[in-house]
Amino acid sequence: MVKLGLPIAVIFVVMLIILGAMSGIGGTSSAAAAGCGDRGQPADDGEQGNGRQGDATGGASKELRARQVTNAKIIDEVAKEGKLPGRATLIALMTALAESQLDNINYGDRDSLGLFQQRPSSGWGTRDQILDPKYAAHMFLFGGDSGDPPGLEDIPWENLSLNDAAQKVQRSGFPDAYGPKETQARSIAKEAGIDLERSGENHPKQPGKNTSGGNSGDSGNSGNSGNGNGKDPDEPPDDCNTSGSGQPGKPGEPFHDGNANWPAVVKNPRSTADAIRWAKAEADSHRANWYQKCLAFTSIAYGWNFSGTDYAIDHYQIEMPKDMRHDGDRNPPPGALMFWDTGHRAGHVAIYVGDGKIASNDIGPIGEISIVPATEIETKWNAKYLGWSPPYYPKGG
């Protein structure tokens with residue numbers, strides 16, 4: 001019996017390890033989803049647009065990131081030679097990120113190749129031509145000489161959302177794959193020294209500029225609300241108090257310490273004081289482990305392996321009981337979770353550490369935890385403060 005039992009036990013343990021890895025042990029799955037990008041354009045919906053990240057760098061190694069920056073410069077040079085505005089470059093970068101991770105790969109679905117996964121059989125050029133990044137960028141932006149296949153300039157892209165403009169060119173079976181790449185595209189453009197706000201002689205105006213943190217999910221109205229008053233219909237009232245409770249303030253006003261009286265159901269492996277201490281130590285370490293992993297960071301700070309929720313905004317608006325949500329209240333107690341609507345699917349969450357400051361990823365050096373004034377999420381990212389809650393992880397594990 002002992003001889004029979006040992007191999008069965010070994011197999012059982014191995015299966016447990018596999019299941020643990022699949023469920024996000026280490027905070028790289030469910031908790032990793034709630035993303036936060038570079039300043040001004042926080043949040044991204046993950047490497048595949050589904051809120052999940054491949055690793056702490058958002059799926060890109062240092063080597064890949066270097067190639068992405070190089071390819072971004074080539075794409076922008078083609079756009080500038082064609083006198084196109086920075087918005088055209090942004091659309092091209094988002095497209096290439098969705099298609100190839102902005103890497104000039106020599107493989108793909110069927111005969112697809114290169115940065116934009118263009119197909120020789122569909123008239124995009126020869127294999128060698130498509131694998132030339134400058135040629136591929138020119139084809140994406142300007143299309144074939146006869147207008148077939150069409151490039152960006154062959155469609156009325158100025159009045160389309162970023163995602164829909166890319167889809168008009170690519171005609172992909174995954175039509176919503178491009179919008180979630182906006183944050184990553186802007187981050188790479190910044191590193192490459194690309195001005196995405198420049199105008200172009202062919203297109204002096206840049207319609208659809210969205211001032212609320214991006215328009216990656218809009219549909220055809222280029223980020224305009226469509227309600228005639230220029231206000232996003234999803235925005236909370238100007239006082240940021242969506243429930244009538246708490247101590248609301250206006251964006252940019254300071255946050256003050258409140259009193260922590262967590263409900264009895266809030267039980268974490270790590271105490272509030274220890275979580276804050278751990279978060280500050282992580283900031284001091286300057287480890288770039290937290291790119292687009294804000295919800296993962298908060299749950300791991302409190303001793304969990306994963307949060308159990310895919311998006312930070314869902315953690316606040318769906319998983320958090322109503323009586324634990326302090327909408328618009330700018331007096332969070334130390335250790336509280338603070339939430340923002342970033343204009344992207346994922347949203348943002350950080351840990352309030354007291355004295356008006358938070359421990360947050362990506363607000364300083366990308367991927368690192370920084371201790372900064374809580375107001376910076378509003379003033380630097382144009383995000384909308386939603387409120388705070390106790391550090392409650394009903395699905396944490």
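Colleague: Which way do Leu337, Phe339 and Asp341 point from β2, and which way do Met338 and Trp340?
Modeller: Leu337, Phe339 and Asp341 point one way from β2, while Met338 and Trp340 point the other way. This is a predicted model, where local features need pLDDT of at least 70, side-chain atom pairs count only at pLDDT 80 or more, and totals for chains, interfaces and linings use all residues. Residues are numbered from 1 along each chain as its sequence is written, and side-chain values use heavy atoms, leaving out hydrogens and water.

Colleague: Why two directions?
Modeller: Because side chains in a regular strand alternate between the two faces of the sheet.

Colleague: Which strand does β2 join by 4 bridges?
Modeller: That's β3, residues 348–354, running antiparallel to β2. Strands pair if DSSP finds at least two bridges between them. Trp340 has His348 as its bridge partner in β3. β2 and β3 make a hairpin with 6 residues between them, and Gly343 in the turn has a positive phi of about 90°.

Colleague: And what does β2 do with β6?
Modeller: They pair antiparallel over 5 bridges, β6 being residues 384–389. Phe339 is partnered with Gly387 there.

Colleague: Switching topic, where does Ile300 lie?
Modeller: Ile300 is in helix α9, residues 294–301. Ile300 counts as buried because its relative accessible area is 15%.

Terms used
Buried < 20%, exposed > 50% of the residue type's maximum accessible area, 1.4 Å probe, protein only. Helix = DSSP H or I, 4+ residues; strand = E, 2+ residues; numbered from the N terminus.
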